[in-house]
Amino acid sequence: MAGYLPPFALQDFSGGLNLKDEPYALANNQLADIENAVITGGSIAKRNGYVAEITHPKPNARFTDLYQFYFSDEFSLFLLASSDGNIYESYSVEPIPFSGITGLSSENVQMTGYKSSDLNPVCLLADYGELKVYEYVGNKIKKVLPHNPTTEEQQNIGLNDLRNLTEFRTMALKKDRFFAAAHPRVGNRLSFCHRDPVSGLATYDYWPATYFIDIPSDGDDTIVKLEVFRGDLVIFCKRTVWLLEGDGTSVTDFTLKKVNVPNGCLSARSVTVVNNSILYLSSDNNVYELFSTEEDYVSARAISQNVGKIIENTIYYDKYKAPGIFYDNKFFLSFRNGTTLVFDTLAGCWLKWTNIAALSFLERSDDLYFSAPNGKILKFQKGRYNDDGIPIRFLMRTRNFDFGFPVQRKKIKRMWTIAKQYEKESSSYNIRMFVDYVELSSRDVSTDISGVWDEGAWDDVQWDFVDVVKTPHRFKAKGEYIQVEISNNNLDEPFTLFQIVFYFKLKKPK
């Protein structure tokens with residue numbers, strides 16, 4: 001008869017969520033399920049919550065795009081595109097007045113800060129209509145009026161085609177020249193504006209008729225997003241991805257290259273620069289990482305296999321609208337059903353957060369904001385353990401452990417959980433144990449073991465504070481696989497787990 005083995009300590013959770021493989025086939029550091037958690041080198045903890053910062057002044061309206069517009073080196077405005085066709089600023093939550101137009105062309109607005117020819121700060125708006133501009137001096141939004149080229153400009157540069165570019169879907173600034181997908185009928189056309197050789201500025205009111213490149217892909221491969229990456233312009237189409245190289249000082253020095261990617265881009269909002277890569281959501285239910293290892297080499301790889309089932313089960317509209325952002329070394333991809341996938345770039349693993357139905361993200365003053373369908377703009381807050389008053393449901397479920405002995409039954413005698421005790425907040429958790437897929441035990445545990453003077457019975461508490469609490473669990477069970485689930489769904493309670501330790505005896509194989 002085999003004896004008891006040394007205790008097995010699970011203290012590495014850095015593999016994150018893996019829904020691709022069966023629970024028994026996971027690595028020891030991977031989890032069969034996880035909700036609303038963050039992972040560090042030696043612990044797994046409940047994420048921070050959020051609080052409402054701004055509420056839309058109109059009922060049933062919502063903020064669809066958020067942008068921080070720097071009108072100087074030190075000062076900025078928080079511009080908010082709205083489903084009611086207005087742009088708001090955050091200080092008074094009042095709509096910015098329009099001049100000569102009645103409102104936005106759609107609720108999808110990409111905003112880009114720049115400066116006018118007289119060096120005043122402006123913000124260009126691409127809202128699936130004609131190009132618009134917010135002028136900080138004068139505080140108004142108006143349509144960009146096409147520049148009337150002189151005879152010399154017509155001969156040397158060309159006629160202005162801005163009047164025909166009536167569907168600005170996406171735009172990007174590269175080397176003081178604006179590029180845009182704006183043609184209403186030719187979806188794969190990349191247009192770009194003139195660059196003033198004297199001032200060096202992009203003349204965003206002058207888009208010469210010959211300044212365009214049609215992406216040479218088959219069929220209707222519409223451009224959905226433009227992004228500058230390592231000095232080049234990445235062109236994300238529905239089915240393909242392209243790279244436009246060249247300084248742009250002369251319009252003849254551009255080189256167009258097709259990037260080796262399995263598929264194009266589904267969600268324009270998902271395109272996010274992450275360190276030395278770009279992540280985006282594709283129509284084949286994968287998140288791809290576009291990366292460059294050499295100066296002239298760009299390729300892509302799928303990184304979302306472990307959470308592919310979540311993406312597959314999300315409806316098309318939610319995926320099409322899914323926004324992304326890079327914040328605190330994490331890539332966030334949010335769906336309107338409340339599920340947000342989080343890729344931890346340090347651990348290289350995926351997490352799943354719930355109750356976050358983001359329409360748009362923004363990092364502002366080192367804080368993460370998002371707009372929600374209920375008309376609120378919410379801010380994540382360190383040390384907050386509720387979602388605007390709603391409990392945060394923390395959950396983690398381990399793999400089915402066989403401890404390296406897949407054909408031998410184990411006699412389980414004891415188990416310990418090692419968790420954090422907090423000085424100010426209470427903390428507790430529920431632990432469930434499964435043996436061969438059958439639940440054997442469920443127990444509520446509190447980590448509040450240190451007493452407060454003048455409170456509690458003397459003999460029932462520990463009077464010297466400890467921040468690590470070891471809780472024993474005794475069982476009488478036999479089986480081949482052991483799985484543990486730990487959860488916390490209590491309002492305003494933090495939770496941090498350091499280790500789960502198993503003590504068992506091996507039976508002879510049969």
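**Figure 1. Glu167 and its salt-bridge partner Arg169**. In this predicted model, where local features need pLDDT of at least 70, side-chain atom pairs count only at pLDDT 80 or more, and totals for chains, interfaces and linings use all residues, Glu167 counts as partly exposed because its relative accessibility is 26%. Residues are numbered from 1 along each chain as its sequence is written, and side-chain values use heavy atoms, with hydrogens and water left out. Buried stands for under 20% relative accessible area, exposed for over 50%, and partly exposed for values in between, with a 1.4 Å probe and protein chains only. Arg169 has a relative accessibility of 11% and therefore counts as buried. The closest N and O atoms of the salt bridge between Arg169 and Glu167 are 3.4 Å apart, a salt bridge being a side-chain nitrogen of Lys or Arg within 4 Å of a carboxyl oxygen of Asp or Glu.

**Figure 2. The salt bridge between Lys257 and Glu245**. The closest N and O atoms of Lys257 and Glu245 lie 3.3 Å apart. This pair links distant parts of the chain, with Lys257 in strand β25 (residues 255-258) and Glu245 in strand β24 (residues 241-245), twelve residues apart; strands (E, at least two residues) and helices (H or I, at least four) are DSSP runs, numbered from the N terminus. Lys257 is partly exposed, at a relative accessible area of 35%, whereas Glu245 counts as buried at 15% relative accessibility.

**Figure 3. A salt-bridge network that includes Asp33 and Lys352**. Within it, the side chains of Lys352 and Asp33 meet at 3.5 Å, N to O. That pair links distant parts of the chain, since Lys352 belongs to strand β33 (residues 349-353) and Asp33 to strand β3 (residues 30-35), 319 residues apart. Lys352 is buried, with a relative accessible area of 14%, while Asp33 is partly exposed at 22%. A search of the whole structure finds 20 salt bridges.

Figure 4. The side chain of His473 makes polar contacts with the side chains of Thr417, at 2.8 Å, and Arg443, at 2.9 Å. A polar contact is a pair of N or O atoms within 3.5 Å; within protein, one must be able to donate a hydrogen and the other to accept it, and residues adjacent in sequence count only if both atoms are side-chain atoms. Not counting residues up to four places away in sequence, His473 also touches other residues, among them Trp416, Tyr429, Ile431 and Val445, where contact means heavy atoms within 4.5 Å.

**Figure 5. Cys193 and Cys237, two buried cysteines**. Cys193 counts as buried because its relative accessibility is 0%, and Cys237 likewise counts as buried at 0%. The sulfur of Cys193 is 15 Å from the closest cysteine sulfur, in Cys123, and is therefore too far for a bond. For Cys237 the closest cysteine sulfur is in Cys265, at 9.5 Å, again too far for a bond. The structure holds zero disulfides, a disulfide being a pair of cysteine sulfur atoms within 2.5 Å.
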